[in-house]
Amino acid sequence: MRCYPFFSVCLFVVCLVSIQACGPQVSDPVVNHQLSQLLEKKDLFRLREELVPAKNKLSPDRWLFYQAHCNHAFGKEDASNAQIRVLFDTYGHLLPDTLKKELLEIQAQNYSRLFRYAEAADTYFQLIHEYAEVADSTEVEAYRNVLALWQPIRDVLPQQVVKKEDVKIRLIREGDYYRIPVTCGGVTEELIFDTGANLSTVSESIATQVGLTLYDTEIEVATSTTIKVQSRLGVADSLWLGHLLVENVVFLVMPDEVLYIEPIDFYVKGIIGFPVMYQMEEVHLYKNGELGVPARREDRELNNLFLDHLHPIVRLYSGGESLLFTLDTGAAHSELYGKYYREHEEYIKENAELTQGQRGGAGGMEQVRKYVWKDFPYTLGSSSGTLSEVSIIDGEYVFADPYDGNLGQDVFGHYDKLIFNFREMYVDVE
């Protein structure tokens with residue numbers, strides 16, 4: 001649990017009180033609708049920008065509602081939770097159950113990112129038992145699945161990255177993947193380093209070999225296809241990434257056969273995923289195979305990154321459009337999703353080649369229809385470039401909605417250095 005100076009807490013409470021004291025009692029319906037549409041589309045960059053001038057046109061509860069969403073998206077989990085508590089305590093009688101459900105979902109995700117597993121589990125329990133009537137069956141199933149994830153480890157201490165000085169780690173490049181040396185229980189293995197993995201993952205044989213504490217629970221895990229697999233949980237009290245110590249790391253533990261990708265004869269021993277990187281705060285990934293974790297972060301004021309639960313989402317530009325991409329260092333190739341296809345269908349059919357291909361990862365591979373588009377221009381952070389080709393998937397994937405695509409190594413590989421910063425919230429390349 002994070003601690004705050006007494007003065008900071010008092011100042012935040014005073015700010016919330018001042019918010020409640022000013023502003024109209026009823027929101028401007030046009031402004032509220034516009035902001036609601038941005039939130040629905042998950043265009044959090046524009047929502048944050050539009051929220052500042054909209055403050056005097058929103059009732060205090062609506063302003064707090066949007067602020068809670070923005071703070072959640074831009075890595076300010078404690079501020080988001082504080083605003084949610086004020087909404088329930090002060091305006092709870094005004095909020096319909098649908099909005100309360102939405103706020104509790106954000107709160108649960110905030111607790112997840114803060115590694116406060118008991119509070120996350122309790123919030124999902126509340127969603128299941130108090131708000132199931134305003135949730136659809138898919139949502140309730142998801143709540144139960146995440147509850148099964150956090151409930152067994154509710155007493156596990158929060159994950160902690162111990163970072164006292166600049167750290168450099170030599171990665172191993174194998175095919176399309178970066179592997180990072182991980183030492184746990186006196187055993188060193190090379191695991192994939194992957195921002196696209198919501199949670200770190202390890203095979204059952206490796207979990208046993210390094211002595212993870214195992215928890216008997218079954219969780220259904222979504223993959224980068226429509227395939228879902230069953231997983232258990234394991235916790236490493238401590239592990240080393242090179243000379244960087246990480247404590248209390250939670251792993252999904254999957255059967256070895258699930259982590260074998262037969263079409264490419266590749267066995268995934270394990271993955272170091274987003275939660276570990278998030279606590280690193282700033283990560284430098286070099287083309288020469290080095291990984292850097294600086295002790296002091298740099299603020300470049302690019303503000304092109306937000307989080308959708310445990311998914312990092314980056315904004316880039318192409319052809320004058322602002323596009324949202326998931327950030328995935330574990331993907332060899334970038335691709336465009338169904339949302340982009342629907343919005344550019346006529347142009348794509350005229351200018352891209354339709355073909356068949358495979359996509360997949362842990363859990364297996366599957367056939368997909370895709371278009372191949374030549375010379376895709378982009379601007380990412382402070383740099384611009386062109387992809388020689390990009391695939392456009394015309395199928396529907398739950399994990400892809402509502403984003404334009406997935407950003408992979410074919411973009412990062414053009415540059416000597418990739419930077420992602422999870423405090424000042426930006427991605428840049430040099």
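A crossing of two helices is left-handed if the near helix is turned anticlockwise from the far one by less than a right angle. Keep that in mind for the tour of this predicted model.

**Start with everything.** Show the whole protein. It has 13 helices and 24 strands. Of its 430 residues, 55% are buried. Now think about contacts between residues at least 6 apart in sequence: 66% of them join residues at least 24 apart.

**Select residues 97-113.** This is helix 6, with 17 residues. At 1.5 Å a residue, helix 6 should span 24 Å. Check its end C-alpha atoms: they are 24 Å apart, which agrees.

**Step past its end.** Select F115, which follows helix 6. The phi of F115 is positive, near 65 degrees.

Two packed helices are described by the angle and the distance between their axes. The crossing is left-handed.

**Show the side chains of the contact.** On helix 5, pick E77, S80, N81, I84, R85, L87 and F88. On helix 6, pick K100, L103, L104, I106, Q107, N110, Y111 and R113. Color by type: the residues of this contact divide into 7 nonpolar, 4 polar and 4 charged.

Terms used:
Residues are numbered from 1 along each chain as its sequence is written. This is a predicted model: local features need pLDDT of at least 70, side-chain atom pairs count only at pLDDT 80 or more; totals for chains, interfaces and linings use all residues. Side-chain values use heavy atoms; hydrogens and water are left out. Helices (H or I, at least four residues) and strands (E, at least two) are DSSP runs, numbered from the N terminus. The expected span of a helix is 1.5 Å times one less than its number of residues. Contact means heavy atoms within 4.5 Å. Ala, Val, Leu, Ile, Met, Phe, Trp, Tyr, Cys and Pro count as nonpolar, Asp, Glu, Lys and Arg as charged, and the others, Gly among them, as polar. Buried means under 20% relative accessible area, exposed over 50%, partly exposed in between (1.4 Å probe, protein chains only).
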